[in-house]
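Trainee: I would like to go through the labels used for this model and ask what stands behind each one.

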Amino acid sequence: MITNLFPGKTYVIHAEEGYEYHEKRLIELFNKFKLNFEFVLEGSPSNFSKELLDQYFTPNILNKYSKGGISCTLNHFFAFKRLIKSGEPYGLIFENDPFFLGDFNTKLEKLLPEIKNLEPGFIISLENTTLTFPSYQQTQKGRLLYRANRGRMAGAYLIDLQGAKSAIEYLKSNKCDFIIDWFHNELINNDIIKMYWAHPPLVEQGSHNGFLSSTISSKKKSTKRRIAWIARKMVKQNLGRLGKQRKIID
């Protein structure tokens, strides 16, 4: 349980080895915000087998993406299955490099009234990784969730129980041909789930903001990347919101 007011499970997509710093940081971060969570590791490359990959992916997926990308995607699927097994109404899913933008618990609880009014079968993007936001003219005072026709990557999102069930059921007859970010978009395009963006976002990824590297990032932590991220974010959050965001469904 995340808080007394928000029942659910929290899962962190992680790697078996090589990210000990990330693991230590995550434990400290989530303890600080009193978030109970579980690492999801079953999809690590050491567990790859033809039978396992064929269960979820199209043939020759290893020729299209790195083992890290496939492992990450597989762990997202395992997180869905854990949520289904738990029977909890919601799951929070993070990749292993989240940075909270303010008081995560308070912001999450403010989303709850709108979440409860959504039709079952949804994902809520909580992050700013793509630096895409609803425009000034699209946002409404007091409103925090906006329907969208695309995701904003898969670094931090909330999925409801029905959404997890629908995604796993879809995989039984439609094997995944992408990494998880694009698979979310396939689910949206095929009306399997609905996507919403939380605005303002609650999370940004350390592998994108320059603070960290993630399990599938080829870019390393650096001051140069950090400065570039801050500059892009300032432009996107201000000038970038003058025109309508085409990914938002009015």
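Mentor: Start with a definition: a residue counts as buried when its relative accessible area is under 20%, as exposed when it is over 50%, and as partly exposed in between. Keep in mind that this is a predicted model.

Trainee: Why is Ser-125 called buried?

Mentor: The relative accessible area of Ser-125 is 2%. The cut-off is under 20%, so Ser-125 is buried. Ser-125 sits in strand S5, residues 122–125.

Trainee: What does Ser-125 touch, not counting residues up to four places away in sequence?

Mentor: Ser-125 touches Arg-152, Ala-156, Tyr-157, Met-195, Tyr-196, Trp-197 and Ala-198. Ile-159 is 34 residues apart from Ser-125 along the chain, and the C-alpha atoms of the two are separated by 8.9 Å.

Trainee: What makes the pair Ser-125 and Arg-152 a polar contact?

Mentor: The distance between the side chains of Ser-125 and Arg-152 is 3.0 Å. A polar contact needs a pair of N or O atoms within 3.5 Å, one able to donate a hydrogen and the other to accept it. The pair is listed as a polar contact.

Trainee: Is Thr-58 buried or exposed, and how do you know?

Mentor: Thr-58 has a relative accessible area of 19%. Buried means under 20%, so Thr-58 is buried. Its place is in the loop between helix H2 (50–56) and H3.

Trainee: Which residues is Thr-58 in contact with, leaving aside its neighbours within four places in sequence?

Mentor: They are Lys-175, Cys-176 and Asp-177. With Asp-177, the side chain of Thr-58 makes a polar contact, side chain to side chain, at 2.7 Å.

Trainee: What makes Tyr-136 partly exposed?

Mentor: Its relative accessible area is 40%. Buried needs under 20% and exposed needs over 50%, so Tyr-136 falls in between and is partly exposed. Tyr-136 is found in the loop between S5 and strand S6 (145–148).

Trainee: Which residues does Tyr-136 contact, leaving aside its neighbours within four places in sequence?

Mentor: Tyr-136 is in contact with Gln-237, Asn-238, Arg-241 and Leu-242. Leu-242 is 106 residues apart from Tyr-136 along the chain, yet their C-alpha atoms are separated by 6.2 Å. A polar atom of the Tyr-136 side chain also lies 3.4 Å from the backbone oxygen of Gln-237.

Trainee: Why is Lys-34 called exposed?

Mentor: Lys-34 has 66% relative accessibility. Exposed means over 50%, so Lys-34 counts as exposed. Lys-34 lies in the loop between helix H1 (20–32) and strand S2 (38–40).

Trainee: What is noted about phi of Lys-34?

Mentor: Lys-34 has a positive phi of about 55° although it is not a glycine. Most residues other than glycine have a negative phi. Asp-191 also has a positive phi, near 55°, and is a residue other than glycine. Asp-191 is in the loop between H6 and S8, and with a relative accessible area of 69% it is exposed.

Trainee: Which residues does the cis peptide bond join?

Mentor: The bond joins His-199 and Pro-200, with omega about 5°. Most peptide bonds are trans. Pro-200 is found in the loop between strand S8 (194–198) and strand S9 (203–205).

Trainee: Now the helices. Why are H3 and H5 called oblique to each other?

Mentor: The axes of H3 (residues 67–86) and H5 (residues 161–173) cross at roughly 125° and come within 9 Å. Roughly perpendicular ends at 115 degrees and roughly antiparallel begins over 145, so H3 and H5 are oblique. The crossing is left-handed.

Trainee: What kinds of residues make the contact of H3 with H5?

Mentor: The residues of this contact divide into nine nonpolar, no polar and two charged. Among them are Phe-77 and Lys-81 of H3, and Leu-161 and Lys-165 of H5.

Trainee: What makes H3 oblique to H6?

Mentor: H3 and H6 pack at an angle of about 55°, with their axes 9 Å apart. Angles under 35 degrees count as roughly parallel and 65 to 115 as roughly perpendicular, so H3 is oblique to H6. The contact is made by Thr-73, His-76, Phe-77 and Phe-80 of H3 and Ile-180, Phe-183 and His-184 of H6. These residues divide into four nonpolar, three polar and no charged.

Technical notes:
Residues are numbered from 1 along each chain as its sequence is written. This is a predicted model: local features need pLDDT of at least 70, side-chain atom pairs count only at pLDDT 80 or more; totals for chains, interfaces and linings use all residues. Side-chain values use heavy atoms; hydrogens and water are left out. Axes are lines fitted to C-alpha atoms, for helices over the stretch in contact, and angles run from 0 to 180 degrees between N-to-C directions. Helices (H or I, at least four residues) and strands (E, at least two) are DSSP runs, numbered from the N terminus. A crossing is left-handed if the near helix is turned anticlockwise from the far one by less than a right angle, and right-handed if clockwise. Contact means heavy atoms within 4.5 Å. Ala, Val, Leu, Ile, Met, Phe, Trp, Tyr, Cys and Pro count as nonpolar, Asp, Glu, Lys and Arg as charged, and the others, Gly among them, as polar. Buried means under 20% relative accessible area, exposed over 50%, partly exposed in between (1.4 Å probe, protein chains only).
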